Amino acid sequence: MGFPFKPHPRETTVLSKHFGEAEARSLDGWKARGGYQALEQALGMDPVAIQAVVKDSGLRGRGGAGFPTGLKWSFMKLGDGKPHYLCCNADESEPGTFKDREIMRWTPHALIEGCAIAAHAIGAETAYIYIRGEFTEPLDVMERAVDEARKAGVIGKNAMGSGKRVDVWVHKGAGAYICGEETAMMNSLEGKRGNPRIKPPFPAAAGLFGMPTTINNVETLAAVPPILVNGGEWYKKMSRPDNPKSTGTKLWSVCGNVQRPGNYEVVMGFPFKEFLYDLCGGPPKGRKFKAVIPGGSSVPIINMEEADAALMDYEGMVAAGTMLGSAGCIVMDDAQSIPRQVARLARFYAHESCAQCTQCREGTAWTTKILERMVAGDGTAEDFDTLMDLCEQMTGKTICVLSDSCAAPVVSGIQKFRGEFEALITRKTVHTVPAIVA
Amino acid sequence: MSHGPSATGGAAISTSPHGHSSEPYVPVFTGDTKAKLDALLVRYPTKMAALLPALWMVQEARGWVSPEAMAETGQVLGLTAAYVKGVVTFYTMYHQHPVGKHFIQVCTTTPCHVCGAEDVVKAFLDKTGCGELGVTSADGKYTVIEVECLGACGFATPVMVNSDFIESVTPEKVPDLLKNYG
């Protein structure tokens, strides 16, 4: 578990092992913990061989989409004579998610090492770490660590004396959720408005500055050094053997109505019920859990029956009717009104829409208006149909998936907690909080 | 730049929307700041890519990004003032007008909302004397806004005061917290 708490015995700490250790932030401290061995090893390897190790490990993207990392790297055409770029997505803005922040605050060199290895593996000489502007402390820590690594020759024009050039630069965002979408991030890095781009072309063909580009999440890149040192087999073996599609460990951010919010690192496939009650300490005293959004605000909301049976990996969450997403787990207890929280989520998406696509610009705004009207006790029976129609128009019809993300909690919220929405309309009542059970 | 006839029927067009036209604009990108920007340019294959960092420098120096500063930034990077404005208006963190000495952003997105962030907002509005969101207090010290997810959801409610990131703020903690920002 993240600083300031000690890890729970059931956690498996690979990425979070050094959270809370101030010395791990410095280059010497990181080297003393075995840091930069993987980079030294990687710089002596053929890029294709690095890709093979990562493919073998089964590592998948930790930003939300879960795309196999080694496969993504292999899309970069080596030796095409063009400059290649690596972008590290540190725009962490998915409500409920705050894991990358801890990685950057405590183990900045883990990320730099991961970036440098990935850059070499895709034939890039330049990596940009795009960090959201609000993350003032992670920005500061990363800037200092990058400077230190560059001055020590770990990165730069002759990285670790290998004769290979690997530049790593920190780039500060300026407040826009959508810049966590990879093509919007590339536009933002280029000094443009953060509007997502139509795909194709995919970034591996024409990405940043029109050149072949790979975008990886912070946690994905931080997992690469231990994989390279210990091997793909080691990573695969940590998680449940009956599901080879989800491997290794995963950082879970837990927030909302729970006794011990924070970051937890568990193996893929960990039982969700045990996680919520034993590791996170269960609901606040006298309350009961009511609903969970397990993968960041963009995934479907699930009830406790579904949550209790779920396994914490990509496939396990799909089987439970939701998604692993960015593993930002928002827990709600029985004091919460689902319509009220769904309306607040819709407001978030309406605020963050880049407004390029009509379905998203209009859809998120109207969804918010209707939901807020319902919550205020002014809803009508037709609102359900209107909302469902809007959500259908917002799904699969736009350049990026922001409006799909707005629709997911609305549709699942209405499906699973319809009674609460209906009560708002039929009885015109606002939510009543049940008494605390002693 | 040419202006068409104004909607008010030929009233004088101010060079600044804030009526400070009598004071000449002092450029931001001179001396050390210019050197800092030049050093950044080596990181990118285009000048345009340095736009976001350059705008951060403007805001650091002036507290906000004025139309004149947008024009200057454009000149330095070979971009039109209109282009720069288009970018500035996309991002929420660039101030397009002056704000209080202490700019307070309270996260109220769902994870914080379920933990009572609304009451934290009320406490700030009350104790700063701002009264309303986005309004600067009469003494010019504070501006309070609600902000969407600050990415520290496990430490509800996170609050940013200028560039300080403060976790686990409750309404009770607000008066003491404000003592650090006089």
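Two residues count as in contact here if their C-beta atoms, placed from the backbone, lie within 7 Å. Keep that cut-off in mind as you click around, and remember that this is a predicted model.

**Stop 1: where the chains meet.** Select chains A and B together. You'll find 34 residues of chain B in contact with 46 residues of chain A. The largest share comes from α2(B), with 4 residues. Now colour that side of chain B by residue type: 23 are nonpolar, 9 polar and 2 charged.

**Stop 2: a helix in chain B.** Stay in chain B and pick α6, residues 117–128. Its 12 residues reach 17 Å from first C-alpha to last, close to the 16 Å expected at 1.5 Å a residue. Show side chains for the buried residues of α6(B): B:Ala117, B:Val120, B:Val121, B:Ala123, B:Phe124, B:Leu125 and B:Thr128. What do they pack against? Then step just past the end of α6(B) to B:Gly129, which takes a positive phi of about 80°.

**Stop 3: the domains of chain A.** Switch to chain A and colour three ranges: domain 1 (22–237), domain 2 (249–333) and domain 3 (338–426). The centres of domains 1 and 2 of chain A, taken over C-alpha atoms, are 27 Å apart. Their contact takes 12 residues from domain 1 and 16 residues from domain 2. On the domain 1 side, look for 2 nonpolar, 5 polar and 5 charged residues.

Notes
Residues are numbered from 1 along each chain as its sequence is written. Chains are lettered from A and ligands numbered from 1 in the order in which they are written. This is a predicted model: local features need pLDDT of at least 70, side-chain atom pairs count only at pLDDT 80 or more; totals for chains, interfaces and linings use all residues. Domain bounds come from an automatic or database domain assignment. Ala, Val, Leu, Ile, Met, Phe, Trp, Tyr, Cys and Pro count as nonpolar, Asp, Glu, Lys and Arg as charged, and the others, Gly among them, as polar. Helices (H or I, at least four residues) and strands (E, at least two) are DSSP runs, numbered from the N terminus. The expected span of a helix is 1.5 Å times one less than its number of residues. A residue is buried if 20 or more other C-beta atoms lie within 10 Å of its own, exposed if 12 or fewer, and partly exposed in between; C-beta atoms are placed from the backbone.
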